[in-house]
Amino acid sequence: MNFNLSGKTALVAASSQGLGRAIAEELLKEGANVMICGRDEEKLSGVQEELKSIGKGQVNYFKVDLTNNEEIVTLVDHTVKKYGGIDILVNNAGGPPAGSFDTITDEMWQNAFELNLLSFIRLIRESLPYLRKQGGKIINVASTSIKEPIPGLILSNTFRTGIAGLSKTLAGELAKDGILINTVAPGRISTDRTKHLDSVRAKAQGITVEEAEKNSKANIPLKRYGTPEEFAKVVTFLASDANSYMTGSSFLVDGGMIKSL
Ligand SMILES: NC(=O)c1ccc[n+]([C@@H]2O[C@H](COP(=O)([O-])OP(=O)(O)OC[C@H]3O[C@@H](n4cnc5c(N)ncnc54)[C@H](OP(=O)(O)O)[C@@H]3O)[C@@H](O)[C@H]2O)c1
């Protein structure tokens, strides 16, 4: 299938590495212009260099802290000035710290709310005038915790379900504008975040990181972690014209890890 995104502009949040970077790369392969962003200018400039000759479209970067509303406003403004509009918004962010209820302070709750839910709300709000122009796509990166809470990740479990609720509600409100919004939920995809969480589990259980990874893979029917590219292909499909009738849905990319229907 040809997703052909030539002439489209995509803003991909938190895309200096991991899932966001892979999504930017797949969108570029399909011909889109892509704006990547994150807090580290040097890292972003390196990714731009690596990705610049991939597709027909351009890749540019903008340094942003997604917990800061003014910076989000400037990011959207900059993207529109650079490319003339926004057709695809991919909401993504860094993961919140692990921990159980007793270990989480008010400040941690507030930070996770701002990074993992409010940044999505703000990016959607700022991008909507452009997405509304000719109908657009919004894809939210969440977690399988929207289907089954993950022990020890109470911050993630709480705010990812907010993303799913926001997305479902907006699917109804934005359909009249031709905007389709969906959520994609990674299970265990090989990135720095997965390595970090394996080391947290290893420490908590008194086992090695290798053992924690092995146990984790044993629980996945496909017996391996996914690649960022496998995840990004699903996002790219949802962002393309090939998706014309799916909105308000959540899609798991988890190798069969979640057992519920
Ligand atoms: N990988 C998985 O299997 C998996 C599973 C479930 C959920 N998730 C969730 O999916 C999201 C992406 O995961 P990942 O594996 O790609 O994580 P990752 O490798 O840790 O990448 C996180 C990205 O977010 C950026 N970021 C973090 N805080 C930011 C901020 N305040 N402002 C702007 N950018 C920020 C980071 O760049 P800078 O640090 O340079 O700013 C980086 O580009 C995370 O929320 C993660 O928890 C991932």
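Modeller: Happy to. A polar contact here is a pair of N or O atoms within 3.5 Å. Keep in mind that this is a predicted model. Leucine 66 does it through the backbone instead, where a polar atom lies 2.9 Å from a ligand nitrogen. As for cover, the ligand on its own has 880 Å² of accessible area, and the protein covers 91% of that.

The space the ligand takes up is the largest pocket. Two elements, α1 (18-29) and α6 (192-205), each give two or more residues to the shell around the ligand. In total, 29 residues surround the ligand, and the closest are Ser16, Ala93, Arg160, Ile189 and Thr191. By type, the shell splits into 12 polar, 10 nonpolar and 7 charged residues.

While we're at α6, look at its own side chains. Side chains of opposite charge can pair when their charged atoms come close. Aspartate 192 and lysine 195 form a salt bridge, 3.6 Å from N to O. These two are 3 residues apart in helix α6, so about one helical turn separates them. The model's salt bridges come to 15 by this count.

Notes: Residues are numbered from 1 along each chain as its sequence is written. This is a predicted model: local features need pLDDT of at least 70, side-chain atom pairs count only at pLDDT 80 or more; totals for chains, interfaces and linings use all residues. Side-chain values use heavy atoms; hydrogens and water are left out. A residue is near a molecule or strand if one of its heavy atoms lies within 4 Å of it. A polar contact is a pair of N or O atoms within 3.5 Å; within protein, one must be able to donate a hydrogen and the other to accept it, and residues adjacent in sequence count only if both atoms are side-chain atoms. Accessible areas come from the Shrake-Rupley method with a 1.4 Å probe; for residues, only the protein chains shown count as cover. On a 1 Å grid over the protein atoms alone, a cavity is a set of points where a 1.4 Å probe fits but cannot get out, and a pocket is an open set with protein on both sides within 12 Å along at least five of seven lines; lining residues have an atom within 4 Å of a point. A molecule sits in a cavity or pocket if more than half of its atoms lie within 2 Å of its grid points. Helices (H or I, at least four residues) and strands (E, at least two) are DSSP runs, numbered from the N terminus. Ala, Val, Leu, Ile, Met, Phe, Trp, Tyr, Cys and Pro count as nonpolar, Asp, Glu, Lys and Arg as charged, and the others, Gly among them, as polar. A salt bridge is a side-chain nitrogen of Lys or Arg within 4 Å of a carboxyl oxygen of Asp or Glu.
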